[in-house]
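Biologist: I am new to this structure and would like to learn how to read it, one feature after another. Could we begin with a single residue and then widen the view?

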Amino acid sequence: MTDADQDILAVISPSPARLWVAIAMLTALAVVLLSIAVQMPREALLWQAMIVAIASVCVLGALRMYSATRTSIEMTRSEIRDTEGRLIARIDDITGIERGALAFKPSNGFLVKTHTSHPRAWVPGIWWRLGKFSGVGGITHGHQGKAMADRLAIILAERDSEAR
């Protein structure tokens, strides 16, 4: 691998405004759920416990999303990775990219399909991976996601034309 393969071609970073809106929504949902649980009759103890558990998951999700926003996504000629060093996908392993309006992808992002299946991973609001599919985006800047998807599409087209 050469130094040119490790040059960063595109970066996607979290949007502070989107981060705070997402955290506020998760926190508001937790508050609404807790107020519902408090107002329920004592006979519905099982339902109260379930609603409190869901509210707790919302709060934990908000905290995890906040801590994950120190992470950005970088694309080089050889891989897509986050700034924590976690590999999202190798360029050689990518079979396609979906970024249309009807694609199952994160907001302001794109979906990457790979040949091989990888372990599940999730960085809330930034990226996720499930088997052969990786979603990049969420609370990230839209223009950065579009630029990375465009550069990735060009690299894939060049790779495929060289293979013929």
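Modeller: Let us begin with contacts, where contact means heavy atoms within 4.5 Å. If its neighbours within four places in sequence are left aside, T114 is in contact with A89, D93, I94, T95 and K132. Before we go on, note that this is a predicted model, in which local features need pLDDT of at least 70 and side-chain atom pairs count only at pLDDT 80 or more, while totals for chains, interfaces and linings use all residues. Residues are numbered from 1 along each chain as its sequence is written, and side-chain values use heavy atoms, with hydrogens and water left out.

Biologist: Where is T114 placed, and is T114 buried or exposed?

Modeller: Burial is read from relative accessible area: buried means under 20%, exposed over 50%, and partly exposed in between, with a 1.4 Å probe and protein chains only. T114 is in strand β6, and T114 is buried because its relative accessible area is 5%. The side chain of T114 also reaches the backbone oxygen of T116 at 2.8 Å, a polar contact being a pair of N or O atoms within 3.5 Å, where within protein one must be able to donate a hydrogen and the other to accept it, and residues adjacent in sequence count only if both atoms are side-chain atoms.

Biologist: Why is D92 called exposed?

Modeller: D92 has a relative accessible area of 67%, and is therefore exposed. D92 is found in the loop between β4 and β5 (94-98), and, leaving aside its neighbours within four places in sequence, D92 is in contact with H115 and R159. D92 and H115 are 23 residues apart along the chain, and their C-alpha atoms are separated by 9.1 Å.

Biologist: How many helices and strands does the protein chain have, and in what pattern do they follow one another?

Modeller: Helices (H or I, at least four residues) and strands (E, at least two) are DSSP runs, numbered from the N terminus. The protein chain has 3 helices and 7 strands, and along the sequence they follow the pattern β-α-α-β-β-β-β-β-β-α.

Biologist: What should helix α2 span, and which of its residues are buried?

Modeller: The expected span of a helix is 1.5 Å times one less than its number of residues. For the 24 residues of α2 (residues 45-68) this should be 34 Å, and the end C-alpha atoms are 34 Å apart, which agrees. As for direction, an α-helix has 3.6 residues a turn, so residues three or four places apart point the same way. In α2 the buried residues are Q48, I51, A55, C58, A62, M65 and A68, and what covers them includes α1 (16-39) and β6 (110-123).

Biologist: Which residues have the most contacts inside the largest nonpolar core?

Modeller: A nonpolar core is a set of buried Ala, Val, Leu, Ile, Met, Phe, Trp, Tyr and Cys residues joined through side-chain atoms within 4.5 Å. The largest one has 27 residues, and I73, I80, I94, F110 and L152 have the most contacts inside it. Helix α3 gives the most to this core, with 5 residues. A second, separate core of 6 residues includes A30, A37, A55 and C58. Returning to L152, and leaving aside its neighbours within four places in sequence, this residue is in contact with M75, I80, I91, I94, I97, F110 and V112.
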